[in-house]
Amino acid sequence: MNKGELVDAIAETANVTKKQADAVLTAALDTIIEAVASGDKVTLVGFGSFEARERKAREGRNPKTGDKMEIPATKVPAFSAGKFFKEQVAPK
């Protein structure tokens, strides 16, 4: 499912126009991105949590030459699925 299909499904489920559904989805995603980028954790009970995680510096190899190289530490976005979401995907 891509964003357009998700907007269509939201519009149908919430009985709103596609334009309204797109505006709300875009606003929600932008707000989550801004919060995680600023260091906050966003938790949607039953769905999951979005947060920034630290990735330590590590040694890697250049795939072309095989030379060792240092990969610097960085922050990466992470998502952890909630209990209800996990149960819906893989029922017991």
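From the N terminus on, the elements of this predicted model run α-α-β-β-β-β-β-α, which comes to three helices and five strands (DSSP runs, with helices being H or I of at least four residues and strands E of at least two, numbered from the N terminus). The radius of gyration is 19 Å, well over the 12 Å that the globule rule gives for 92 residues, so the protein is more spread out than a compact globule. Here the radius is taken over C-alpha atoms, and the rule is 2.2 Å times the number of residues to the power 0.38. Along the principal axes, the C-alpha atoms fill a box of roughly 55 × 35 × 30 Å.

A word on bookkeeping: residues are numbered from 1 along each chain as its sequence is written. As the model is predicted, local features need pLDDT of at least 70 and side-chain atom pairs count only at pLDDT 80 or more, while totals for chains, interfaces and linings use all residues; side-chain values use heavy atoms, with hydrogens and water left out.

Among contacts with a separation of 6 or more, 28% come from residues 24 or more positions apart, a contact being heavy atoms within 4.5 Å.

On to the charges. A search of the whole structure turns up four salt bridges, each defined as a side-chain nitrogen of Lys or Arg within 4 Å of a carboxyl oxygen of Asp or Glu. One of them joins Lys3 and Asp22 at 3.7 Å, N to O. Lys3 sits in helix 1 (residues 3-14) and Asp22 in helix 2, so the pair ties together parts 19 residues apart in sequence. Both ends are partly exposed, Lys3 at 40% and Asp22 at 32%. Lys18 and Asp8 form another, with the closest N and O atoms 3.5 Å apart; this pair links Lys18 in helix 2 to Asp8 in helix 1, ten residues apart. Lys18 is exposed at 51%, whereas Asp8 is partly exposed at 34%.

Glu51 pairs with Arg53 at 3.3 Å between the closest N and O atoms; Glu51 is partly exposed at 22%, and so is Arg53 at 39%. Glu51 also touches Lys41, as do Ser49 and Phe50, leaving aside residues up to four places away in sequence. Lys41 itself is in the loop between helix 2 (18-37) and strand 1 (42-44).

Terms used. Buried < 20%, exposed > 50% of the residue type's maximum accessible area, 1.4 Å probe, protein only.
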